[in-house]
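Please walk through this structure with attention to how charged side chains link parts of the chain. The account below starts with salt bridges and then turns to a sheet and to model confidence.

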Amino acid sequence: YRLSARLDGPTYAACAGHLQDLLCQECSPYAAHLYDAEDPSTPVRTIPGLCQDYCLQVWQKCRSIFRYLSADQELIALENNMAKFCRYLSLEDTDYCFPHLLANQNLNQNLGLVTADAEGCLQLCLVEVANGLRNPVAMVHANDGTHRFFIAEQVGLVWTYLPDRSRLEKPFLNISEAVLTSPWEGDERGFLGIVFHPKFKFNGKVYVYYSVEVRYEERIRISEFRISAADMNALDHGSERIILEIDEPASNHNGGELLFGDDGYLYIFTGDGGMAGDPFGTFGNAQNKSTLLGKVLRIDVNNNDRGPLYRIPPDNPFLNDPKARPEIYAYGVRNMWRCSFDRGEPQTKEGKGRLFCGDVGQNKYEEIDIVEKGKNYGWRAREGFSCYDKKLCTNSSMDDVLPIYAYPHKMGKSVTGGYVYRGCESPNLNGLYIFGDFMSGRLMSLKEDRATREWQYSEICMGTGQTCMFPGLINNYYQYIISFAEDEAGELYFMSTGIPSATAPHGVVYKVVDTSRRAPPGKCRVEPSPVKVKSKLIRFVPKEKLIVKTPTPRPRLKATAEAPRGGRPEPETTRTPAVDWVDQAPPPPGNRSRTPTTPAPSGRTPKPRKEGGRRGQRRKKKPPGTAPPLRNGAVRLMEQQGRGRSRGRVEVYIDGEWGTVCDDGWSSLAAAVVCRQLGFPYVVRASKKAEFGEGISLRILLDDVQCSGQEKTLLECAHAEVGTHNCSHEEDAGVVCSREEVAE
């Protein structure tokens with residue numbers, strides 16, 4: 001209206017429509033193309049790229065409007081030269097010129113859908129938000145308008161982050177002295193959950209869930225803290241009140257989720273007590289309503305400054321059952337790891353309040369449940385859709401609720417529940433439940449079919465080609481997906497790490513981005529409330545990079561009528577999507593998620609935890625008896641009597657020859673690189689002094705090897721020059737690996 005007011009009557013009648021059309025292209029799903037914004041070497045255009053015929057039409061009657069649309073003096077200087085004017089406004093890629101792109105079927109047929117590859121794998125991108133974290137188990141917001149986010153580490157520290165991603169040097173909470181955990185990879189104990197009271201802005205209360213040891217007994221503890229009167233970015237550590245403690249008979253299956261529902265009550269998600277198969281009592285803890293283990297609990301912590309620390313909501317389902325604990329909201333769960341309430345469709349609020357949970361399976365299936373009041377979710381009678389305890393499973397009185405989705409362990413072995421996306425920035429993701437697997441690193445999604453009420457599965461891959469080639473976006477992530485999160489605006493995040501140890505600072509927080517369709521400019525803008533900062537700020541420095549791989553063309557082979565001779569075949573280029581996990585050996589731990597040249601994830605290693613490898617690429621079948629050519633850095637294990645399976649002297653392949661490794665500086669971190677390269681998730685120990693025999697027939701190729709544990713091969717570790725050493729074969733290094741967590 002401001003611009004059209006400058007037009008006289010005849011010009012307005014002829015040109016107002018064109019003026020509006022051109023202005024509206026800033027909000028086009030293809031604005032990045034129309035304004036040539038994707039190429040950083042060219043200036044962003046002020047006028048969208050126009051198709052030649054349309055430009056000629058507009059120039060003839062309405063060329064005067066361009067001086068109101070743009071301050072580009074070069075364009076204005078060409079106003080009276082039709083050919084040069086329209087050439088200046090043309091696009092090199094004519095498929096995207098306006099208005100022809102509106103009728104381009106290839107461009108518009110999937111406009112309302114997330115981009116997917118030929119196998120149906122959804123192509124998404126990521127933004128790195130935080131890094132250097134020690135097993136980040138949770139990220140929450142205060143819902144107070146500040147748009148701060150708080151990230152909890154398994155060791156017991158919670159950090160405050162401002163909307164610009166800078167971190168406060170002083171922790172929001174530090175109870176690491178009280179938290180029970182260890183550096184062991186896969187230890188499930190520790191600081192596990194945190195949630196802000198819905199009225200935090202007024203009462204300053206925060207609730208946490210963590211493991212403790214009390215008189216040699218392990219427990220889970222739910223405590224309440226208050227915000228410090230002196231600092232809005234720190235809790236008062238002296239304000240802790242223990243709301244609830246539950247004895248844990250074993251060190252695993254500790255649950256860990258805390259949520260507040262729309263009803264204002266606190267929901268607590270406990271594990272079944274640990275070990276395997278819920279062996280406690282006649283039917284296990286999960287089916288025993290007289291214990292709080294293996295349950296979803298619901299309590300009322302409102303107005304608890306005086307009187308009891310919590311009350312029982314009057315509509316809790318087992319309130320009047322004398323054999324049941326009144327706190328129980330639902331039961332029959334094994335170890336729900338990460339749950340979330342659906343915010344509901346932004347306009348209609350459809351789906352609002354649904355409670356989604358990922359329940360970690362025993363040895364066959366992982367499942368996603370929608371939790372409802374009073375329902376039985378089947379464990380230990382059932383695992384996923386399958387019977388686990390056949391006697392219990394056939395009991396018709398169970399009346400258990402089946403999951404909305406379950407997947408077998410060839411796809412992953414430890415589900416991490418996620419969220420239904422209800423954010424603003426990626427509208428095509430609306431209604432998609434996005435979750436992952438901790439062990440395999442697979443990202444997955446479910447979408448409800450409104451007609452059938454069935455949930456349709458789609459894999460999520462990292463964007464390939466140009467999908468993620470925008471400033472600030474990346475297309476890879478660390479393997480072990482620990483948790484998911486929403487920020488105050490409803491955007492989706494997940495946390496993962498390269499080394500699943502509570503003391504390893506390799507955790508990263510990623511924001512999920514769908515580049516297939518972005519919200520119109522300005523629609524999702526938020527104005528955070530001011531935050532008084534008393535601590536030093538640590539500016540965020542991203543470390544992850546976009547991975548761009550250029551496919552290497554296969555060499556052309558001359559046609560011949562001769563029979564093939566012996567020797568190794570040329571390596572085949574691979575295509576990924578649907579992976580056969582059964583035949584897939586897990587690659588090294590440092591590998592990230594999917595690379596942009598493959599629609600499916602790249603290799604990841606299996607991870608310890610919850611009894612539960614990164615999704616690898618499908619390898620094309622090769623003729624029997626052939627093997628792929630060895631790559632530099634390949635390793636094998638040898639014992640005195642021959643080839644070792646899980647233990648032996650380490651031999652490394654470099655530049656066409658096998659050699660040994662000196663044990664100078666040899667450590668469990670270096671051993672981890674070798675074990676994971678060979679497909680073993682656990683290191684029992686690093687071996688020294690030629691324990692598995694001397695490789696006297698080989699040269700010593702590596703010495704002074706120093707690894708961080710994330711490397712893909714020993715060659716990526718710091719080491720002396722290849723072939724240079726000051727040791728003998730009496731110091732040949734070795735390893736003992738395992739597929740299970742054992743002590744030797």
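**Salt bridges across the chain**

Across the whole structure a search finds 38 salt bridges, a salt bridge being a side-chain nitrogen of Lys or Arg within 4 Å of a carboxyl oxygen of Asp or Glu. The model is a predicted one, in which local features need pLDDT of at least 70 and side-chain atom pairs count only at pLDDT 80 or more, while totals for chains, interfaces and linings use all residues. Residues are numbered from 1 along each chain as its sequence is written, and side-chain values use heavy atoms, with hydrogens and water left out.

One of these salt bridges joins D305 to K205, with the closest N and O atoms 2.9 Å apart. Because D305 lies in the loop between β13 (295-299) and β14 (328-331) whereas K205 belongs to strand β8, the pair ties together parts that are 100 residues apart in sequence; strands here are DSSP runs (E, at least two residues), numbered from the N terminus. K205 is buried, its relative accessible area being 4%, where buried means under 20% relative accessible area, exposed over 50%, and partly exposed in between (1.4 Å probe, protein chains only).

A second salt bridge brings together the side chains of R343 and E486 at 3.1 Å, N to O. R343 sits in the loop between β15 (336-341) and β16 (355-359) and E486 in strand β25 (residues 480-486), so this pair ties together parts that are 143 residues apart in sequence. R343 counts as partly exposed at 26% relative accessibility, whereas E486, at 8%, counts as buried.

**The sheet that holds β8**

Strand β8 belongs to an open sheet of four strands in the order β7-β8-β9-β10, with antiparallel pairing, and two strands are taken to pair if DSSP finds at least two bridges between them. The edge strands, each pairing on one side only, are β7 (191-196) and β10 (235-247). Within the sheet, β8 (residues 205-214) and β9 (residues 217-227) pair in the antiparallel sense over 10 bridges, and V206 stands opposite F225 in β9.

**Confidence in the model**

The chain has a mean pLDDT of 87, and 88% of its residues reach 70 or more, pLDDT being the predictor's confidence in each residue, from 0 to 100. Over residues 552-626, however, the pLDDT is below 50, and this stretch has 216 contacts in the model beyond near neighbours in sequence, a contact meaning heavy atoms within 4.5 Å.
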